[in-house]
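Please read the following report alongside the sequence and the coordinates.

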Amino acid sequence: MAVHIWEKTVRCIDVQNAGTRAVNGLYTLSGIIGGVSAYGKIGVWNEQEVEFSLYLFRGNFGAMWFISIIPQGMKPGTKKDIDFYKAPVCLKHGRLEQSDFPPERTWTITMKGHGVDPPPTIIWTS
């Protein structure tokens, strides 16, 4: 019997202590992006209801986790994203290693983004 990705993943992620308070809160499993779980939460940004997304993006520079607002109907990773924070894939034995889950602590604000210090911490829940 095959194990589905939904059966072996974290279903909720609690984003805490971010300087940009709007990104804080409970993110729930919202789908799969690039074969890895993605998470979302509804919130308010610039007086509008939006969905904040926590996802892994693989680009020319490598893989990086982001907390962003992805414009409705668009794929993540465009210049139209509103990026707040980013984090590298997890470290294992001193090397970067692909992980299906975002790191708990290594978050930083994005260049030209909307995040402010301090960066968030992440708690995996189920």
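Confidence in this predicted model, expressed as pLDDT (the predictor's confidence in each residue, from 0 to 100), is lowest in strand β8 (residues 95-96), with a mean of 52, and highest in strand β9 (residues 108-109), at 96. Over residues 1-7 the pLDDT is below 50, and this stretch has 8 contacts in the model beyond near neighbours in sequence, a contact meaning heavy atoms within 4.5 Å. Where pLDDT is low, the predicted coordinates should not be read in detail. The average pLDDT for the protein is 85, and 84% of the residues score at least 70.

Residues are numbered from 1 along each chain as its sequence is written. Because this is a predicted model, local features need pLDDT of at least 70 and side-chain atom pairs count only at pLDDT 80 or more, while totals for chains, interfaces and linings use all residues, and side-chain values use heavy atoms, with hydrogens and water left out.

## Fold and sheet

The protein has 10 strands and 0 helices, where strands (E, at least two residues) and helices (H or I, at least four residues) are DSSP runs numbered from the N terminus. Of its 126 residues, 39% count as buried, a term that means under 20% relative accessible area, with exposed meaning over 50% and partly exposed in between (1.4 Å probe, protein chains only). Among the contacts with a separation of 6 or more, 43% are made by residues 24 or more positions apart. The protein exposes about 7800 Å², of which carbon and sulfur atoms supply 54%; these accessible areas come from the Shrake-Rupley method with a 1.4 Å probe, and for residues only the protein chains shown count as cover.

An open sheet is formed by 8 strands in the order β9-β6-β5-β4-β3-β2-β1-β10, with antiparallel pairing. Its edge strands are β9 and β10 (121-125), each of which pairs on one side only. Two strands are said to pair if DSSP finds at least two bridges between them. The table sets out several of these pairs.

| Strand pair | Sense | Bridges | Example of facing residues |
|---|---|---|---|
| β1 (residues 12-16) and β2 (residues 25-33) | antiparallel | 4 bridges | Ile-13 and Tyr-27 |
| β1 and β10 | antiparallel | 5 bridges | Val-15 and Ile-122 |
| β3 and β4 | antiparallel | 7 bridges | Ile-42 and Glu-51 |
| β4 and β5 | antiparallel | 8 bridges | Tyr-55 and Phe-66 |
| β5 (residues 62-69) and β6 (residues 82-88) | antiparallel | 6 bridges | Ser-68 and Asp-83 |

Strands β3 and β4 form a hairpin with 2 residues between them, and Asn-46 in that turn has a positive phi of about 50 degrees. A hairpin through 2 residues also joins β4 to β5.

## Largest pocket

The largest pocket has a volume of about 440 Å³. On a 1 Å grid over the protein atoms alone, a pocket is an open set of points where a 1.4 Å probe fits, with protein on both sides within 12 Å along at least five of seven lines, and lining residues have an atom within 4 Å of a point. Grid points are joined across faces, edges and corners, and the volume is the space filled by probe spheres set on the points. The lining has 16 residues, of which Phe-66, Thr-78, Asp-83, Thr-110 and Met-111 lie nearest the pocket centre. Strands β4 (48-59), β5 and β6 are the elements that give two or more residues to this lining.

## Loops and backbone

Val-23 lies in the loop between β1 and β2 and counts as buried, at 0% relative accessibility. Not counting residues up to four places away in sequence, Val-23 touches Val-15, Ala-18, Lys-41, Phe-52, Ile-67, Phe-84 and Tyr-85. Val-23 and Ile-67 are 44 residues apart in sequence, and their C-alpha atoms are 7.7 Å apart in space.

Most residues other than glycine have a negative phi, and most peptide bonds are trans. Asn-17, in the loop between β1 and β2, has a positive phi near 65 degrees and is exposed, with a relative accessible area of 52%. Glu-47, in the loop between β3 (36-45) and β4, has a positive phi of about 65 degrees and counts as exposed at 79% relative accessibility. The peptide bond from Asp-117 to Pro-118 is cis, with omega near 0 degrees, and Pro-118 is found in the loop between β9 and β10.
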